[in-house]
Number of protein chains: 2
Amino acid sequence: MTDQPVGHPATDLDDVVHQRVRLGVLTIAHQARRVEFGFLRTTLDLTAGNLGQHLTVLEKAGLVSIEKGYEGRRPRTWINLTKAGERALRDEISNLKRLIQQVEDSEA
Amino acid sequence: MTDQPVGHPATDLDDVVHQRVRLGVLTIAHQARRVEFGFLRTTLDLTAGNLGQHLTVLEKAGLVSIEKGYEGRRPRTWINLTKAGERALRDEISNLKRLIQQVEDSEA
């Protein structure tokens with residue numbers, strides 16, 4: 001049994017970011033820069049309530065900002081990734097890469 | 001705003017596997033083949049109760065098997081990855097790679 005150094009990549013993952021739906025939201029917001037609520041909801045196959053809960057967690061953590069407006073006469077909600085959100089996603093990706101590397105190294 | 005194909009990688013992640021602590025357990029059990037409870041607990045910086053809860057979820061899902069025994073006179077618990085656990089970890093890793101690829105492609 002190899003002696004694992006303390007500080008496994010999994011311990012550096014942040015639950016606010018790492019949670020499956022929230023990771024999807026941050027990834028899409030990163031790609032699209034500014035993404036509309038309905039698009040997120042269908043792409044991630046969620047109910048509006050479920051997506052709303054996760055957006056509240058992300059907004060409270062300062063990782064996204066939420067913008068309300070209209071498209072024509074239709075009320076619309078847009079989600080933007082904040083600078084802190086960009087950093088948090090980058091940290092998550094680098095920790096995930098470390099974890100994947102460990103799995104693949106042990107197979108080499 | 002780019003049109004994302006339905007089926008974002010985040011929707012293919014399995015919460016049983018993806019959850020931060022459980023992902024750590026599966027990764028270490030994959031590397032060590034057979035890993036002792038105390039080693040997992042310290043490496044992932046958990047309480048025994050917290051680790052025990054996550055192991056119950058993984059065992060119920062058939063992803064790990066749990067073995068009780070003794071090392072000398074000391075009672076010991078070992079965790080082994082099942083075949084289903086290997087497959088689940090491999091699926092998780094490939095979905096995470098797809099997700100990471102999407103983030104990095106959007107930066108290219």
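Analyst: The residues in contact are Leu99(A), Gln102(A) and Val103(A) on α6(A), and Leu23(B), Thr27(B), His30(B) and Gln31(B) on α3(B). Contact means heavy atoms within 4.5 Å. Sorted by class, this contact has three nonpolar, four polar and no charged residues. Ala, Val, Leu, Ile, Met, Phe, Trp, Tyr, Cys and Pro count as nonpolar; Asp, Glu, Lys and Arg count as charged; the others, Gly among them, are polar.

This is a predicted model: local features need pLDDT of at least 70, side-chain atom pairs count only at pLDDT 80 or more, and totals for chains, interfaces and linings use all residues. Residues are numbered from 1 along each chain as its sequence is written, chains are lettered from A and ligands numbered from 1 in the order written, and side-chain values use heavy atoms, without hydrogens and water.

Now the geometry. Two packed helices are described by the angle between their axes and the distance between the axes. Helices here are DSSP runs (H or I, at least four residues).

Next, the two chains. A rotation of 180° with 0.0 Å of shift along its axis superposes chain A on chain B, with an RMSD of 0.0 Å. The copies are thus related as by a two-fold rotation axis. The superposition is by least squares on C-alpha atoms of residues with pLDDT of at least 70 in both copies. Of the residues of chain A, Gln19(A) comes closest to that axis, at 3.4 Å (C-alpha). The copies meet through the same surface, because 100% of the interface residues of chain A are also interface residues in chain B.

Finally, one residue inside chain A. Leu58(A) lies in helix α5, residues 48-60. Leu58(A) is buried, at 0% relative accessible area; buried means under 20% (1.4 Å probe, protein chains only). Leaving out residues up to four places away in sequence, Leu58(A) touches Val16(A), Arg22(A), Val25(A), Leu26(A), Leu63(A) and Val64(A).

Conventions
Helices (H or I, at least four residues) and strands (E, at least two) are DSSP runs, numbered from the N terminus. Buried means under 20% relative accessible area, exposed over 50%, partly exposed in between (1.4 Å probe, protein chains only).
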